[in-house]
Amino acid sequence: MTAGGTDMGPEGGGAGERSGGLRAALAGLTTRGRSFLAAGLAAAVCSYVLGQADLLRVGLLLAALPLVCVAVVHRTRYRVAGSRRLAPARVPAGSEARVHLRMDNVSRLPTGLLMLQDRVPYVLGPRPRFVLDRVEPGGRREVSYRVRSDLRGRYPLGPLQLRLADPFGMCELTRAFSAYDTLTVVPRVEPLPPVRLTGEAAGYGDGRHRSLALAGEDDVIPRGYRVGDDLRRVHWRSTARYGELMVRREEQPQRAHCTVLLDTRSAAHHGSGPDSAFEWAVSGAASAAVHLLERGYAVRLLTDTGSSVPGPDGGGGFAGSTHDSAETAGLMLDTLAVVDHSDGEGLSRAYEVLGGGGEGLLVAFLGDLDEEQAATAARMRHRTAAAVAFVLDGAAWSRGPGSGDGRELEERLRRLREAGWTALPVGPGASLAQLWRQADAQGAARADAEGPAIGGRTGSWA
């Protein structure tokens with residue numbers, strides 16, 4: 001079995017090569033073949049006991065037929081190439097993807113009847129099977145099937161298997177390709193409306209913020225010399241004025257930063273399945289990250305464990321320049337496709353990572369918070385320019401809407417709001433788009449109430 005397209009090579013040799021020897025071929029006898037063999041042996045034994053020579057000839061014929069079919073199928077030397085194509089290879093949960101299979105006969109002989117089967121995880125649906133008629137030399141056959149999953153994850157498709165059968169249905173042998181493809185089911189992304197949220201440093205939302213960097217246009221305002229600075233950047237006029245080495249500062253345009261924080265603690269979420277609170281939080285984090293990337297932000301995905309995506313390299317892990325926003329969104333969605341509950345008990349690691357970022361917008365999707373974790377979350381606000389929290393109501397998610405008095409949740413929300421957060425509760429079936437607008441309204445109301453205390457801190461954020 002030679003490979004084509006996606007390089008689906010055979011396991012242990014080509015389709016026309018022997019696979020497992022004669023013993024494996026005998027194991028491929030069908031129920032019909034085994035029945036013929038058993039009947040032939042029984043007839044031979046009866047002919048010996050009864051002394052009937054004619055019965056022996058019948059028994060030999062019955063026993064020989066399946067054995068001849070085994071030999072024919074075992075020595076069949078079809079040379080076919082198979083390929084698989086996913087359209088698309090990354091789909092949101094609940095959406096369908098189509099898998100296209102193609103078989104090419106690359107030998108000079110026509111094939112017989114081929115039964116094609118592809119291995120798929122049970123969560124994607126039943127295992128697809130196809131019967132291919134005789135394929136002429138140089139011919140091809142194309143078939144397709146659909147897969148769908150309500151559960152995010154990465155699912156292997158393959159290996160592709162061919163079942164070779166004789167015309168009498170006495171023997172079937174399975175020959176398999178070795179390669180497989182992967183279907184990535186990512187969280188559902190909900191379109192979010194563009195809003196303006198008060199509380200962020202001026203200029204962030206429009207990408208007007210400029211940060212210090214190591215390359216760009218010279219800034220006329222010098223700064224003190226630091227170990228490692230290039231001596232060619234020394235500003236001699238300022239050095240003479242201040243009596244110490246001064247270098248020219250440099251700056252370059254940089255988009256606004258945003259951190260999307262996802263609380264994955266198993267103790268903070270209740271229930272399981274596609275409609276659970278945790279899945280809502282994962283989908284919300286994906287929606288926020290994609291929306292902010294589209295709005296021109298450099299985005300970092302952060303979990304309670306302190307791990308971040310795209311990663312720790314450069315810019316504190318932020319990524320998403322104009323030319324790689326789609327790539328960054330894909331990377332984050334792939335990460336969220338396989339994210340699972342963590343064994344952590346707090347948000348301290350995420351708090352430490354935020355300390356390295358220093359600026360920008362923080363959008364958090366939090367589970368149940370005890371007093372200690374609420375205090376940690378409140379401290380995060382002081383390390384960001386603006387912060388929005390969507391806090392899941394664990395009691396409502398575990399027992400349904402209207403359950404529990406909600407006083408504990410309101411206390412946690414009050415504490416976050418006093419620290420400067422725009423905090424909203426999230427119940428079962430909540431729409432993130434509506435909560436997005438509510439966050440804007442809540443932030444605007446707080447800004448109006450505080451008045452000049454926060455003057456100059458209004459800006460578009462999403």
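**Exercise 1. How many cavities of 30 Å³ or more does a search of the whole structure find?**

Solution. The model is a predicted one, in which local features need pLDDT of at least 70 and side-chain atom pairs count only at pLDDT 80 or more, while totals for chains, interfaces and linings use all residues. Residues are numbered from 1 along each chain as its sequence is written, and side-chain values use heavy atoms, with hydrogens and water left out.

The search of the whole structure finds two cavities of 30 Å³ or more. On a 1 Å grid over the protein atoms alone, a cavity is a set of points where a 1.4 Å probe fits but cannot get out, a pocket is an open set with protein on both sides within 12 Å along at least five of seven lines, and lining residues have an atom within 4 Å of a point. Grid points are joined across faces, edges and corners, and a volume is the space filled by probe spheres set on the points.

The second largest cavity has a volume of about 30 Å³, and its lining consists of Ala-268, His-269, His-270, Ala-277, Gly-367, Asp-368, Leu-392 and Gly-394. Sorted by class, this lining of the second largest cavity has three nonpolar, four polar and one charged residues; here Ala, Val, Leu, Ile, Met, Phe, Trp, Tyr, Cys and Pro count as nonpolar, Asp, Glu, Lys and Arg as charged, and the others, Gly among them, as polar.

**Exercise 2. Describe the largest pocket and its lining.**

Solution. Begin with the volume, which is about 490 Å³ for the largest pocket. Next, take the lining: 29 residues line the largest pocket, and of these Arg-188, Pro-274, Ser-276, Glu-279 and Trp-280 lie nearest its centre. The largest share of this lining, six residues, comes from α5, where helices (H or I, at least four residues) and strands (E, at least two) are DSSP runs, numbered from the N terminus. Finally, by class, the lining of the largest pocket divides into 12 nonpolar, 10 polar and seven charged residues.

**Exercise 3. Work out how α2 packs with α3, and how α5 packs with α6.**

Solution. Two packed helices are described by the angle between their axes and the distance between the axes. Helix α2 (residues 31–50) packs with helix α3 (residues 53–74) at an angle of about 155°, and their axes are 7 Å apart; axes are lines fitted to C-alpha atoms, for helices over the stretch in contact, and angles run from 0 to 180 degrees between N-to-C directions. This angle makes α2 roughly antiparallel to α3, given that angles under 35 degrees count as roughly parallel, over 145 as roughly antiparallel, 65 to 115 as roughly perpendicular and the rest as oblique. The contact (heavy atoms within 4.5 Å) involves residues including Gly-33, Phe-36 and Leu-37 of α2 and Leu-55, Leu-56 and Gly-59 of α3. By class, the contact of α2 with α3 has 13 nonpolar, four polar and no charged residues.

For the second pair, the axes of helix α5 (residues 277–294) and helix α6 (residues 325–338) come within 10 Å and cross at roughly 175°, which makes α5 roughly antiparallel to α6. Among the residues that meet are Val-282, Ala-285 and Ala-286 in α5 and Ser-325, Thr-328 and Ala-329 in α6. The contact of α5 with α6 has 10 nonpolar, two polar and no charged residues.
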